[in-house]
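The structure is shown first.

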Amino acid sequence: MTGSRIVRWRDLRRWLPGSEGLPESPFAPVRLEDVLTRREEAVSAEAFGDAFSPITIRFGGKIERRDRSEPFAGRMWAVRPGDLVFSKIDVRNGAIGILPEAIGPAVVTGEYPVYVPDEEAVWGGFLSRLLRSAPFRDLLMSATSGTSGRKRVSWQDFEALEVPLPSLEEQRRIAAAHRTAHEEAGLLDAEADAAEAAAVTAFEAALGLTPPPDLPRQRSRIARFAEMERWSHEGAMHTAMSDGHAFDNAYPLVSLDDVAEVSYGISKSPKNRPGTHARPYLRVANVQANTLDLSVIKMIDVPDEDMERYRLNAGDILMCEGNSIDLVGRGAMWRGEIEDCVHQNHVLKVRVNDPKEVLPAYLLACINSSFGRAYFRSQAKQTTNLATINSTEVRGFDFPLPDSVEEQMELARALRAGLASADALRQSAAAARTAADAAFVAAVFGAGAEADPMKDSDLEA
């Protein structure tokens, strides 16, 4: 007699290639539908905002109130503190968590299924971590359906998935160990922030720089029409109030235009797609504050005769032409990491005329100082989501300059040592989080399970 040929569609994925399921675990598997009850409590438009706050779920599982005053279109559903809620589209990226008591009753659309955990079988703090772990995220890939641009995990497929479930006592023990490790990593991050702030403060104090004054928070209603594009509350107030308060003349001010050359990079176009003269080039994404991200380097075609113009030399300072208002003008040093590398036109290159007069590392420290950031914020042209500066505004940057390059070197070296100490602490924090996530996965799935980082844990759960 042949076997049955009829199965439920949501069970079919178990027999599809690449759907091997979760790693072997010392704990018996349990279907999510057996420990979760779907909450289907409708919310009226009248209750929206007052009795029920709109929420959003971050990739790390953190749930936050959403800045929205109008009810959602279509049907709306309640989420109560302690409920599990996830995004159908982004659950694969870790957008799943437990609603904290601090938010109170919340409201979501049908794109966010809501569940009440069975308190006698599962603890929410453990479950939210388990469902963001690497093995479960891999399992979710087999439960995804839809077009490539809008793939989702349906509530039916989600409920059909199985997870290993220890006893409640073991769940709390495993989750508590994970939480403690992440809290200790958070303390390391706090130490890093303090070390960085101390180094920056010491550097700026040596130059005679003082923090910008506290700004009144009411909105200014007057600005010249010609400056509207670059006007912002903070920039306008800094410009109006900071004159004469930014420094006490510890060193004379010089203009960047007098000591360095500022130039744009090559414009990307169909004509210079990688070909006979393919060269590596830096984009805005490669330039971070005080560091370069060289993990992804793209190629562009640059003829030999144009390389002198666009080639990066060790000691060049790279600055982003556009970014958010807080990051516009951020700078990083090129140290010759890649041979014959060039830069895109949205990355400005600052090359000092004489390194024996102006040390590039010192100039970079001034650009990234609070004084430098305030200048570039005040000069930036701002649209809804982007702030930009141009080469003229970069050239207009005035900064204090010690006469001795040895003194510049000592100031830059002290700052760099402080930043390196902060970076080491942050690396230790990241390693501690990675180890905590690996320990969690090993405790639940066994020592051989892969354990990618959890995209930050919801430590409130």
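Visitor: How many aromatic pairs does a search of the whole structure find?

Guide: This is a predicted model, in which local features need pLDDT of at least 70, side-chain atom pairs count only at pLDDT 80 or more, and totals for chains, interfaces and linings use all residues. Residues are numbered from 1 along each chain as its sequence is written, and side-chain values use heavy atoms, without hydrogens and water. Rings of Phe, Tyr and Trp (its six-membered ring) pair if their centres lie within 6.5 Å; planes under 30 degrees apart count as stacked, over 60 as edge-to-face and the rest as tilted. Searched over the whole structure, the aromatic pairs number 11.

Visitor: Is phenylalanine 397 buried or exposed?

Guide: Tyrosine 375 and phenylalanine 397 form an aromatic pair, 5.4 Å centre to centre with 45° between the planes. Buried means under 20% relative accessible area, exposed over 50%, and partly exposed in between (1.4 Å probe, protein chains only). Tyrosine 375, at 17% relative accessibility, counts as buried. Phenylalanine 397 has 0% relative accessibility and therefore counts as buried.

Visitor: Which residues do ring pairs link into a cluster?

Guide: Tyrosine 375 and phenylalanine 397 are a tilted pair. The cluster linked by ring pairs consists of Phe371, Tyr375, Phe376, Phe397 and Phe399.
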